[in-house]
Amino acid sequence: MKDFIALLPKVELHLHIEGTLEPELMFALAKRNNIDIPFRTYEEVSAAYDFHNLQSFLDIYYQGANVLVNEQDFYDLTWAYLLRCKADNVLHTEIFFDPQTHTARGIAFDTVVNGIYRALVQGKQELGITSQLIMCFLRHLDEDDAFVMLNHALAHQDKIIGVGLDSAELGNPVEKFERVFQQARKHGFKSVAHAGEEGPASNISDALTVLQVDRVDHGVRCTEDKALLAQLIAQGTPLTVCPLSNTKLKVFEHMADHNIVKLLRQGVCVTINSDDPAYFGGYMTDNFNAVADVHPMEKAEIAQFTINAINASFISAQEKQRLLALTHSYLAQS
Ligand SMILES: Nc1ncnc2[nH]cnc12
Ligand SMILES: [Zn+2]
């Protein structure tokens, strides 16, 4: 099955670009920008990446992002991720970025977006990988700050397809962001939100009713509410699930406990994604393998994750047809 997974066409819908910062690039950028980081060796990094919940990860993740200063740094980060996509046969990717992590340190919004976007344009030209950008609001910050970001995003609407919501779920209900999401939707942005990762199933319902999101990021705790689960199936609401992230952050103790395959078989539109691959131990192919290793599946079931991701993506109907045809033909040949 490993060979089948390696060459399977893939679409990624849940990827934080700041979460692709590999230790090697972190060291190089720290040196280039003269930034102090608390690690000197790979051993120190891997010891620090021993997370017990979401917050213990977020503390390290925001600290790592401090090495990103200039446009070239954001370009280098994104280009390195696109090379991983190429290696994993990811044909299309929808990438989150967290501007507030950078503007709070005095980095201009334009520096962040322009650096990332330059790599994405090159990725399309040289690697044939298509992409979209989704700007996330940090849910531990306030509404005013989110509106400042939305105004920045409006000036870059040619580059940004949607808005999202990430960071600490517990203690930060979505109501704070109802108006900013409403405004974003009025301007034509798509919307997504992290919900039901660490927080209860009611956070998923709130993301759907209060924020009216097009997709739910994670959403794995939907099984705690049978009516919600039935609604997700009936409405075909996509969940962007991140298996290695979930076990690293102890949402599930072991991959064998993970509910993604059960959800797939129940007819939920679940997809496989890497979230913050530099921190969680793997990119797309690694995530597919981690699931398939302990949850035996037919090839058609594994390919269904890609089919779901294509259908759930923010690409044109024509582009969806092209990717679906590629995936079906790969499955038929193998
Ligand atoms: N898994 C995750 N949950 C919430 N916020 C995040 N930011 C980066 N990764 C995240
Ligand atoms: Zn995430």
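The largest nonpolar core holds 94 residues, and the members that touch the most others are Phe97, Ile116, Met135, Phe137, Ala193 and Ala207. Helix α16 (residues 299-312) gives this core its largest share, 7 residues. The model described here is predicted.

**Core and Ala193**

- In soluble globular proteins, nonpolar side chains tend to be buried together.
- Ala193 is among the core members that touch the most other members, and Ala207 is another.
- Beyond its neighbours within four places in sequence, Ala193 is in contact with Gly164, Leu165, Val174, Ala207, Leu211, Val213, Val216 and Asp217.

**Ile95 in strand β2**

- Strand β2 spans residues 90-97 and includes Ile95.
- Is Ile95 buried or exposed? Ile95 counts as buried, because 23 C-beta neighbours lie inside 10 Å, and the cut-off for a buried residue is 20 or more.
- Leaving out residues within four places in sequence, the contacts of Ile95 are Leu15, Ile17, Ser131, Leu133 and Ile134.
- Asp275 is 180 residues from Ile95 in sequence, while the C-alpha to C-alpha distance between Ile95 and Asp275 is 9.6 Å.

**Helices α5 and α7**

- Helix α5 covers residues 71-87 and helix α7 covers residues 109-127; their axes come within 7 Å and cross at roughly 35°.
- The α5 and α7 crossing is right-handed.
- On the α5 side, the contact is made by Glu71, Gln72, Asp73, Phe74, Tyr75, Thr78, Trp79, Leu82 and Lys86.
- On the α7 side, the contributing residues are Thr111, Val112, Asn114, Gly115, Ile116, Arg118, Ala119, Leu120, Gln122, Gly123 and Leu127.
- By class, the residues of the α5 and α7 contact are 9 nonpolar, 7 polar and 4 charged.
- Ile116 belongs to the α7 side of this contact and is also one of the core residues that touch the most other members.

**Helices α8 and α9**

- Helix α8 (residues 143-154) packs with helix α9 (residues 178-186) at an angle of about 15°, and the two axes are 9 Å apart.
- α8 and α9 are therefore roughly parallel to each other, a label that applies to angles under 35 degrees.
- Their crossing, that of α8 and α9, is right-handed.
- Glu143, Ala146, Phe147 and Leu150 of α8 make the contact with Arg179, Val180, Gln183 and Ala184 of α9.
- The residues of the α8 and α9 contact comprise 5 nonpolar, 1 polar and 2 charged.

Key:
Residues are numbered from 1 along each chain as its sequence is written. Chains are lettered from A and ligands numbered from 1 in the order in which they are written. This is a predicted model: local features need pLDDT of at least 70, side-chain atom pairs count only at pLDDT 80 or more; totals for chains, interfaces and linings use all residues. Axes are lines fitted to C-alpha atoms, for helices over the stretch in contact, and angles run from 0 to 180 degrees between N-to-C directions. Helices (H or I, at least four residues) and strands (E, at least two) are DSSP runs, numbered from the N terminus. Angles under 35 degrees count as roughly parallel, over 145 as roughly antiparallel, 65 to 115 as roughly perpendicular and the rest as oblique. A crossing is left-handed if the near helix is turned anticlockwise from the far one by less than a right angle, and right-handed if clockwise. Two residues are in contact if their C-beta atoms, placed from the backbone, lie within 7 Å. Ala, Val, Leu, Ile, Met, Phe, Trp, Tyr, Cys and Pro count as nonpolar, Asp, Glu, Lys and Arg as charged, and the others, Gly among them, as polar. A nonpolar core is a set of buried Ala, Val, Leu, Ile, Met, Phe, Trp, Tyr and Cys residues joined through C-beta atoms within 7 Å. A residue is buried if 20 or more other C-beta atoms lie within 10 Å of its own, exposed if 12 or fewer, and partly exposed in between; C-beta atoms are placed from the backbone.
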